[in-house]
Amino acid sequence: MKKVLGIILGGGAGTRLYPLTKLRAKPAVPLAGKYRLIDIPVSNCINSEIYKIYVLTQFNSASLNRHIARAYTFSGFTEGFVEVLAAQQTQYSTNWFQGTADAVRQYLWLMEEWNVDEYLILSGDHLYRMDYRQFVERHRETGADVTLSVIPIEQRRASDFGLMKIDSAGRVIDFSEKPKGDALLNMQVDTTVLGLDPEEAKQKPYIASMGIYVFKRDVLIKLLKEAPEQTDFGKEILPACAKEYNIQAYLFNDYWEDIGTIEAFYDANLSLTKQPYPAFSFYEEEAPIYTRARYLPPTKMMDCQVTESIVGDGCILKNCRVHHSVLGVRSIIQAGSIVEDALLMGADFYDPHIEERQTVCADGEIENVPLGIGANTIIRRAIIDKNARIGCDVRIINKDRVEEADRESEGFYIRSGIVVVLKNAVISDGTVI
């Protein structure tokens with residue numbers, strides 16, 4: 001694995017995850033109470049003994065830079081690093097990244113300096129656990145120029161993905177982006193070729209790209225330099241070179257979730273609370289998910305009822321009820337409040353004298369609303385971003401069952417019926433959403 005360079009694509013402006021991406025890059029969005037999205041592919045790399053990792057991004061990269069600098073420092077006796085490469089003007093290009101392939105192309109001069117055999121290209125907004133050693137091994141065994149990681153898909157979901165067709169040797173011979181009707185039926189493949197048992201192959205006769213690739217070093221350099229007008233791997237570069245190059249499929253038949261939308265992000269977080277076995281577990285000793293060490297105090301709960309929930313470090317919960325929710329680090333919930341089916345991202349800091357202060361209400365003064373969730377407040381089916389100040393007697397319940405709303409001036413959005421309170425927003429006492 002010393003001969004593999006990891007390249008994580010941080011994505012564009014993250015419009016589908018807005019407003020969570022208003023003040024941060026998509027890979028820096030908090031996840032599961034204490035992590036960030038970027039921790040997933042970086043941890044997968046480290047667990048796979050890949051220690052040279054670049055993260056490409058171009059929007060709001062300050063918090064991402066800070067997180068990576070604090071979380072990932074390798075010994076000075078290794079070549080290991082995790083480094084953010086933001087879009088910039090160079091002698092090679094004066095443009096922002098135009099797509100996944102263009103992002104890599106603009107930093108190819110830097111990546112060519114490393115003496116590696118393969119480039120492993122990953123996405124920064126997926127939730128999954130994968131040993132890339134097996135992926136790279138399969139790539140080398142088949143003598144492939146490019147290997148794509150794919151998941152088997154049943155027919156009802158197939159038209160939501162970019163699909164591929166393979167021959168009897170597992171070589172990719174055709175691509176189709178979100179096909180429907182006859183075009184969809186034409187993309188059926190025999191997935192037993194990739195290792196599925198006949199019964200499962202019958203249920204899942206399609207294979208979809210995960211947006212994860214291994215390229216031979218020289219092949220990637222050639223493809224990017226020969227066709228500078230092609231800016232995207234999945235839509236342009238790979239379909240165009242399928243006849244000329246040996247493109248192989250590698251089957252990943254485990255939990256994988258693209259969390260690029262608010263609804264998918266919300267569902268993926270809350271699914272972690274399931275018992276006895278969540279779809280994705282952070283409790284795997286053999287392959288842990290790493291993040292920044294914060295050295296926070298333990299969580300304190302005073303006369304609370306907490307069920308089916310994940311509670312991060314350093315929280316203070318007073319006489320409240322929490323059900324089927326994820327509470328991020330330093331979450332504060334005052335007495336009499338109810339939090340259900342919600343994701344609270346917590347806070348980056350504590351208010352002064354937080355332990356001494358009794359439950360206080362701001363009496364309508366918006367500047368006096370303390371950090372966290374005020375007394376006698378109800379929050380259901382919502383995402384509360386970091387450092388939000390929610391007053392007393394607030395109802396965040398989407399009472400009118402609105403599906404979509406842009407109310408940024410009032411401190412929130414509604415996406416797919418989920419209320420998203422902005423980072424640093426202040427919701428005054430008695431507000432009903």
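Biologist: Which elements do the buried residues of α9 pack against?

Modeller: This is a predicted model, in which local features need pLDDT of at least 70 and side-chain atom pairs count only at pLDDT 80 or more, while totals for chains, interfaces and linings use all residues. Residues are numbered from 1 along each chain as its sequence is written, and side-chain values use heavy atoms, with hydrogens and water left out. The buried residues of α9 are Arg-217, Val-219, Leu-220, Ile-221, Leu-223 and Leu-224, where buried means under 20% relative accessible area, exposed over 50% and partly exposed in between (1.4 Å probe, protein chains only). With contact taken as heavy atoms within 4.5 Å, they pack against α3 (100–106), α4 (108–111), β6, β8 (146–153), β11 (206–216) and α10.

Biologist: How are helices and strands assigned here, and at what angle do α9 and α10 pack?

Modeller: Helices (H or I, at least four residues) and strands (E, at least two) are DSSP runs, numbered from the N terminus. Axes are lines fitted to C-alpha atoms, for helices over the stretch in contact, and angles run from 0 to 180 degrees between N-to-C directions. The axes of α9 (residues 217–226) and α10 (residues 233–241) lie 11 Å apart, and the angle is about 105°. That makes the two helices α9 and α10 roughly perpendicular, the term for 65 to 115 degrees (under 35 is roughly parallel, over 145 roughly antiparallel, the rest oblique).

Biologist: Which residues of α10 make the contact with α9, and how many in the contact are nonpolar?

Modeller: On the α9 side the contact is made by Leu-220, Leu-223 and Leu-224, and on the α10 side by Phe-233, Ile-237 and Cys-241. Ala, Val, Leu, Ile, Met, Phe, Trp, Tyr, Cys and Pro count as nonpolar, Asp, Glu, Lys and Arg as charged, and the others, Gly among them, as polar. By that scheme the contact has no polar and no charged residues, and the nonpolar number is 6.

Biologist: Within what arc do the buried residues of α10 fall?

Modeller: Phe-233, Ile-237, Leu-238 and Cys-241 are buried in α10. The directions run from the helix axis to the C-beta atoms. Seen down the axis of α10, the buried residues line one face of the helix, because they fall within an arc of 85°.

Biologist: Which exposed residues does the face of α10 turned away from its buried side carry, and which residue caps the N-terminal end of α10?

Modeller: The face turned away from the buried side of α10 carries exposed Lys-235 and Ala-240. At the N-terminal end of α10, a side-chain oxygen lies 3.1 Å from the backbone nitrogen of Gly-234, and the capping residue is Asp-232.

Biologist: Is Ile-121 buried or exposed, and which residues is it in contact with?

Modeller: Ile-121 sits in strand β6 (residues 118–123). Its relative accessible area is 0%, so Ile-121 is buried. Leaving aside neighbours within four places in sequence, Ile-121 is in contact with Ile-7, Leu-9, Val-104, Gly-211, Ile-212, Tyr-213, Phe-215, Leu-220 and Phe-233.

Biologist: Which residues of α5 are buried, and within what arc do they fall?

Modeller: In α5 (residues 132–141), the buried residues are Tyr-132, Phe-135, Val-136, Arg-138 and His-139. They line one face of α5, because down its axis they fall within an arc of 155°.

Biologist: Which residue caps the N-terminal end of α5, and what phi does Gly-143 take?

Modeller: Asp-131 caps the N-terminal end of α5, with a side-chain oxygen 2.9 Å from the backbone nitrogen of Arg-133. Just after α5, Gly-143 takes a positive phi of about 65°.

Biologist: Where is Asn-424, and what is its phi?

Modeller: Asn-424 is in the loop between β28 (418–421) and β29 (426–427). Asn-424 is partly exposed, with a relative accessible area of 43%. Although Asn-424 is not a glycine, its phi is positive, about 70°.

Biologist: What is omega for the cis peptide bond that joins Tyr-18 and Pro-19?

Modeller: Pro-19 lies in the loop between β1 (4–9) and β2 (30–31). For the cis bond between Tyr-18 and Pro-19, omega is about 15°.

Conventions:
A polar contact is a pair of N or O atoms within 3.5 Å; within protein, one must be able to donate a hydrogen and the other to accept it, and residues adjacent in sequence count only if both atoms are side-chain atoms.
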